Amino acid sequence: MLKEFTDQLQAFGRLDVMGVAGEVFQEAAQVAAEAVVIGNAFGPGAPLDTGFLRASFRVAKNAPEDGPSERPPVPGRKDGDAPLYPTTLDTSAAQTAALGDRIYCTTVAEYADSLEEGGLTRRNGPPENVGAPTQFVAPVEARWLQIVDDAARRVGYGR
């Protein structure tokens, strides 16, 4: 009788508690990556000029993945032209993550740090943002607990 009860408790912990906690982790990782790169309620997204910075981000599981570090030259491109590079983000690594995995959202675009830390300023966008530094990682880091709470609510954790 005691063994059956122990087995049931372990199954409950493994399937119900850990399983749903894994879903929370997946959802929170995906939302955080989107907030950094594209923008959502938790972050503004990376600044968009040519679209290269956003297109250079990679979301990977357990080891960082490098994207391109420098955009190819575009003859005849002028500041303010429409973005040239796709801004979709592949978050499938976050969608398949398990508890204990690490999720990396990385870029090796050389100017990303300067944008985040204020060494470079935006060239395009709303008039009030042109010439201003744009933090796009720090706001998401500051909201991480909110992201997790929101993810838990959406997947039904704790009900």
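Are Phe57 and Phe136 buried or exposed? In this predicted model, both Phe57 and Phe136 are buried. The structure contains one aromatic pair. This pair is of the edge-to-face kind, because the ring planes of Phe57 and Phe136 stand at 90°, with the ring centres 6.4 Å apart. Distant parts of the chain are linked by the pair, whose members are 79 residues apart. Phe57 sits in the loop between helix H2 (52-56) and E1, and Phe136 in the loop between H4 and H5.

The largest pocket was examined next. Rolling a probe the size of a water molecule over the atoms shows where empty space is left. By class, the lining of the largest pocket comprises 14 nonpolar residues, six charged residues and one polar residue. Four elements each supply at least two residues of this lining, namely H1, strand E2 (103-106), helix H4 (112-117) and helix H5 (138-142). Of the elements, H1 makes the greatest contribution to the lining, with five residues.

Helix H1 spans residues 2-37 and includes Glu34. Glu34 has a relative accessibility of 24% and therefore counts as partly exposed, given that buried residues fall under 20% and exposed residues over 50%. When neighbours within four places in sequence are left aside, the contacts of Glu34 are with Gly39, Asn40, Leu89 and Thr91. The C-alpha atoms of Glu34 and Thr88 are 9.5 Å apart in space, although the two residues are separated by 54 residues in sequence.

A further local feature concerns the backbone at Asn62. Most residues other than glycine have a negative phi. Asn62 is a residue other than glycine with a positive phi, near 70°. Asn62 is placed in the loop between strand E1 (58-61) and helix H3 (92-95). With a relative accessibility of 42%, Asn62 is classed as partly exposed.

Terms used. Residues are numbered from 1 along each chain as its sequence is written. This is a predicted model: local features need pLDDT of at least 70, side-chain atom pairs count only at pLDDT 80 or more; totals for chains, interfaces and linings use all residues. Side-chain values use heavy atoms; hydrogens and water are left out. Buried means under 20% relative accessible area, exposed over 50%, partly exposed in between (1.4 Å probe, protein chains only). Contact means heavy atoms within 4.5 Å. Ala, Val, Leu, Ile, Met, Phe, Trp, Tyr, Cys and Pro count as nonpolar, Asp, Glu, Lys and Arg as charged, and the others, Gly among them, as polar. Rings of Phe, Tyr and Trp (its six-membered ring) pair if their centres lie within 6.5 Å; planes under 30 degrees apart count as stacked, over 60 as edge-to-face and the rest as tilted.
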